[in-house]
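Let us walk through this structure together, one chain at a time. Have the sequence and the 3D view open as you read.

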Amino acid sequence: MSDLVMGSDLNAMVEAYLSELSGALSRLPASRRDQLVSEIREHITERRSERPPRDRSDMEALLNRVGLPEDIAAVALEDMEEPASDIQSALPPPAGPPRWHHRFSNRVLVGAAAGALVLVVVVAGIVATGRSTSVTRSQIVPAAAVPRPPRLPGQHVSVVPVVIGESQAAAAAELAALGFTYSAIDVSSTAPAGIVVSQSPAGGASQPIGADVVLTVSSGPGSSS
Amino acid sequence: MQCMVQSRAPQLAQMRKGALEYCVLALLRDGERYGFELVRELSNAELVTSEGTIYPLLARLRQDGAVETSWRESTQGPPRRYYKLTPEGKASLDFFTTEWHRFCQAVDGLLESRGVR
């Protein structure tokens with residue numbers, strides 16, 4: 001195949017990809033969709049100029065790195081969907097790996113996922129905390145300051161309250177009132193003894209009634225085992 | 001005592017997303033950058049696997065007011081959209097940084113002692 005023919009073949013792959021992306025984004029407002037598609041187009045152009053793909057399989061690898069259109073669409077459509085308070089969202093996902101594992105072999109992900117697992121678990125708590133309260137090292141928001149929806153009769157899911165900064169007893173009572181159980185782990189911390197320093201799931205998460213919330217409770221400074 | 005933390009796939013996805021936001025903000029701490037630069041850095045650090053997913057994330061950060069953008073001419077190719085940290089974004093990053101270190105310490109303590117009680 002001549003370079004010219006190959007070039008147009010590769011261009012056609014990019015266009016097919018972008019048109020699939022545009023289709024996956026059909027629920028976005030047109031202006032946002034067009035902007036996103038043109039950003040991804042730019043991205044692909046930049047990647048191509050860095051290391052020009054020589055053949056179809058090079059180009060496929062490049063597009064694999066850009067990602068599946070539906071994955072990009074999923075992130076883009078997130079803002080459009082309100083955090084669901086329905087039961088559906090609290091149910092575990094269907095078993096099995098995400099589809100793109102089948103379609104795209106992504107070597108990076110496997111390594112990164114394993115490596116990032118611990119890191120990522122840690123971040124979640126922080127992110128959720130940062131989003132839902134203004135707790136900092138020196139400032140603890142009283143429980144009453146955070147409004148919470150009451151538990152309704154016949155409800156199957158409930159929203160986990162933010163209990164960071166509360167005493168273990170207060171947190172326990174609050175969780176029980178909302179239908180949750182809890183487990184406590186003691187850890188030495190600069191926070192006063194008996195104060196909840198982290199929780200999982202984070203406050204704001206919808207969980208089935210009866211779910212266990214793990215609380216990390218300060219045993220005070222310097223009293224580690 | 002029961003202390004089992006289940007790993008839940010949708011939560012993992014949420015966490016990854018949550019962490020990424022702040023990694024993006026951190027990359028902007030020292031000055032403006034354009035989208036592709038950001039994605040390349042995150043990709044090199046193996047923090048992102050589907051590079052394209054960063055663009056909707058950037059759009060959201062902009063909507064949230066954590067970053068602002070401006071167009072700049074490029075010496076090669078079309079103009080580029082540059083991203084810059086806003087004071088709100090900086091405050092958010094500072095908060096995260098403090099909490100992150102504190103949290104790491106707590107979790108490290110736990111992981112190293114393998115269950116205190």
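In chain B, take the contacts between residues at least 6 apart in sequence: 47% of them join residues at least 24 apart. Here two residues are in contact if their C-beta atoms, placed from the backbone, lie within 7 Å. For chain A, the corresponding share of contacts joining residues at least 24 apart is 70%.

A word on how to read all this: the model is predicted, so local features need pLDDT of at least 70 and side-chain atom pairs count only at pLDDT 80 or more, while totals for chains, interfaces and linings use all residues. Residues are numbered from 1 along each chain as its sequence is written, and chains are lettered from A and ligands numbered from 1 in the order in which they are written.

Chain B has four helices and three strands, and along the sequence they follow the pattern α-β-α-α-β-β-α. Helices (H or I, at least four residues) and strands (E, at least two) are DSSP runs, numbered from the N terminus. Of its 117 residues, 35% count as buried. A residue is buried if 20 or more other C-beta atoms lie within 10 Å of its own, exposed if 12 or fewer, and partly exposed in between, with C-beta atoms placed from the backbone.

The strands of chain B form an open sheet in the order β1-β3-β2, with antiparallel pairing. β1 (33–34) and β2 (67–72) of chain B are at the edges with a single partner strand each, so one side of each has no neighbour in the sheet. Strands count as paired if DSSP finds at least two bridges between them, and β1(B) and β3 (residues 80–85) of chain B are joined in the antiparallel sense over two bridges. Within β3(B), Tyr83(B) is the residue opposite Arg33(B).

Tyr83(B) also leads us to Leu58(B). Setting aside neighbours within four places in sequence, Leu58(B) is in contact with Val24(B), Gly35(B) and Tyr83(B). Leu58(B) also belongs to the largest nonpolar core, which has 61 residues; Val196(A), Val197(A), Ile54(B) and Leu58(B) have the most contacts inside it. Helix α3 (residues 54–63) of chain B gives the most to this core, with six residues. Such a core is a set of buried Ala, Val, Leu, Ile, Met, Phe, Trp, Tyr and Cys residues joined through C-beta atoms within 7 Å.

Now turn to chain A, where there are eight helices and five strands. Of its 225 residues, 31% count as buried. Which residues of α1(A) are buried? They are Leu10(A), Tyr17(A) and Leu21(A). Seen down the axis of α1(A), these buried residues fall within an arc of 40 degrees, so they line one face of the helix; the arc is that of the directions from the helix axis to the C-beta atoms. Their cover includes α2 (30–50), α3 (56–66) and α4 (69–78) of chain A. The face turned away from the buried side of α1(A) carries exposed residues, among them Leu4(A), Ser8(A), Glu15(A) and Gly23(A).

Finally, how confident is the predictor? pLDDT is its confidence in each residue, from 0 to 100. Chain B averages a pLDDT of 85, and 86% of the residues score at least 70. Among the elements of chain B, helix α1 (residues 9–27) has the lowest mean pLDDT (81) and β1(B) the highest (94). Over residues 1–7 of chain B, pLDDT stays under 50. The model scores ipTM 0.79 and pTM 0.54.

Note on methods. pLDDT is the predictor's confidence in each residue, from 0 to 100.
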